[in-house]
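User: I should like to learn how to read the features of a structural model. Please take me through them in order, with the general idea before each case.
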Amino acid sequence: MIPLLMIGSKVAEIDGTTTQIIQGYDATTLNTDPNMEAIFGELKPLSALFTAAIRRMKAKSDAETFDEEREEKMDGWYYLLMAFSHHPDAEIRNAAHTLLAIFNNYGMEIKKETLTAESSLLNSMLADYANRELSASIALIPQGDVYLAALQQAQTNFENNRLSFEEAQAEEGTLENASALKKQVVDVINKKLVSYLNVMAGINDATYGPYARTVAEIIATNNEVVRKRRSSGEEEEEPANTPVQPS
């Protein structure tokens, strides 16, 4: 018997498992069975949409990671300037105040903006600091050039990912997300493919048995990963509403 694909599988796991199931099917001659063709005629387009949704999800996740990085560097630059604004040396102290005044024109509030708006404001801030008249002030702050370069690099990293992020944002409103597609994919596999193969392999093992055993192995491998994650107490993704194979 083929086990059901377990409910606690992550989206990437479902995506990989589905791809293997489809590749296995394409290597058989079961396309002569109209019922199998109907099942895969539904599963293949869903799988393509699911993979695309995961790419969008990853692009958004990457953008958030790069945003956290640049906000950390922004904090570092601000607190460096704050520290040296109290330095006993008047020249260093004045330089810090000059640079701090520019930062305060934008303020920490820019971190509360949307990622795209924050990016625009940070680019403007960095352009202000690139003014030649400020190079002497930056040079007076110990490691000031290092901190500012780190902030610039973090912003560059975000910008390099920005197009993928904005494309993902634009598509998210018009296309189904990965979680919704995950449920549909699992439903087709569990309620249609697994159910049908279990019956047909029992009736005609010579024709259906080899592929049924392949699917069983693919799903069993996936389910073992889920079981190990459960036993380790690792948090799972929100489950899809589909039957669960008893552990």
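User: Which residues are in contact with asparagine 161, leaving aside its neighbours within four places in sequence?

Analyst: Contact means heavy atoms within 4.5 Å. With neighbours within four places in sequence left aside, asparagine 161 is in contact with Ala59, Asp62, Ala63 and Phe66. This is a predicted model, in which local features need pLDDT of at least 70 and side-chain atom pairs count only at pLDDT 80 or more, while totals for chains, interfaces and linings use all residues. Residues are numbered from 1 along each chain as its sequence is written, and side-chain values use heavy atoms, with hydrogens and water left out.

User: Where is asparagine 161 found, and is it buried or exposed?

Analyst: Helices (H or I, at least four residues) and strands (E, at least two) are DSSP runs, numbered from the N terminus. Asparagine 161 is found in helix α6, residues 144-172. Buried means under 20% relative accessible area, exposed over 50%, and partly exposed in between, with a 1.4 Å probe and protein chains only. Asparagine 161 has a relative accessible area of 10% and is therefore buried. One of its contacts, Asp62, lies in helix α2 and counts as partly exposed because its relative accessibility is 23%.

User: Which residues does aspartate 67 touch, not counting those up to four places away in sequence?

Analyst: Aspartate 67 touches Leu115, Glu118 and Phe158 on that count. Aspartate 67 also lies in helix α2, and its relative accessibility of 9% means that it counts as buried.

User: How is the span of helix α2 to be read?

Analyst: The expected span of a helix is 1.5 Å times one less than its number of residues. Helix α2 has 51 residues (34-84), so it should span 75 Å; its end C-alpha atoms are 75 Å apart, which agrees. Within the chain, the C-alpha atoms of aspartate 62 and serine 47 are 15 residues apart in sequence and separated by 22 Å.

User: What span should helix α7 have, and where does α7 bend?

Analyst: The 26 residues of α7 (178-203) should span 38 Å at 1.5 Å a residue, and the end C-alpha atoms lie 36 Å apart, which agrees. The bend at a residue is the angle between axes fitted to the seven residues ending there and the seven starting there. In α7, a bend of about 30 degrees is found at leucine 193.

User: Which side-chain oxygens reach a backbone nitrogen at the start of α2 and of α7?

Analyst: A polar contact is a pair of N or O atoms within 3.5 Å; within protein, one must be able to donate a hydrogen and the other to accept it, and residues adjacent in sequence count only if both atoms are side-chain atoms. At the start of α2, a side-chain oxygen of aspartate 33 comes within 2.8 Å of the backbone nitrogen of asparagine 35. At the start of α7, a side-chain oxygen of asparagine 177 comes within 3.2 Å of the backbone nitrogen of serine 179.

User: Which residue is joined to threonine 17 by a polar contact between side chains?

Analyst: The side chain of threonine 17 is joined to that of asparagine 222 by a polar contact of 3.3 Å. Threonine 17 is found in helix α1 and counts as buried because its relative accessibility is 4%. Beyond four places in sequence, threonine 17 is in contact with Leu5, Ile218 and Asn222.

User: Which residues touch the most other members of the largest nonpolar core?

Analyst: A nonpolar core is a set of buried Ala, Val, Leu, Ile, Met, Phe, Trp, Tyr and Cys residues joined through side-chain atoms within 4.5 Å. The largest has 36 residues, of which Ile21, Met36, Phe40, Leu197 and Tyr211 touch the most other members. The elements giving two or more residues to this core are α1, α2, α7 and α8 (205-232), and its largest share, 12 residues, comes from α7. A second, separate core of 24 residues includes Leu100, Met125, Ile141 and Leu151.

User: Where does the model call for caution, as judged by pLDDT under 50?

Analyst: pLDDT is the predictor's confidence in each residue, from 0 to 100. The mean pLDDT of the protein chain is 89, and 90% of its residues reach 70 or more. Over residues 238-247 pLDDT stays under 50, and the model has 23 contacts beyond four places in sequence for them. Where pLDDT is low, the predicted coordinates should not be read in detail.
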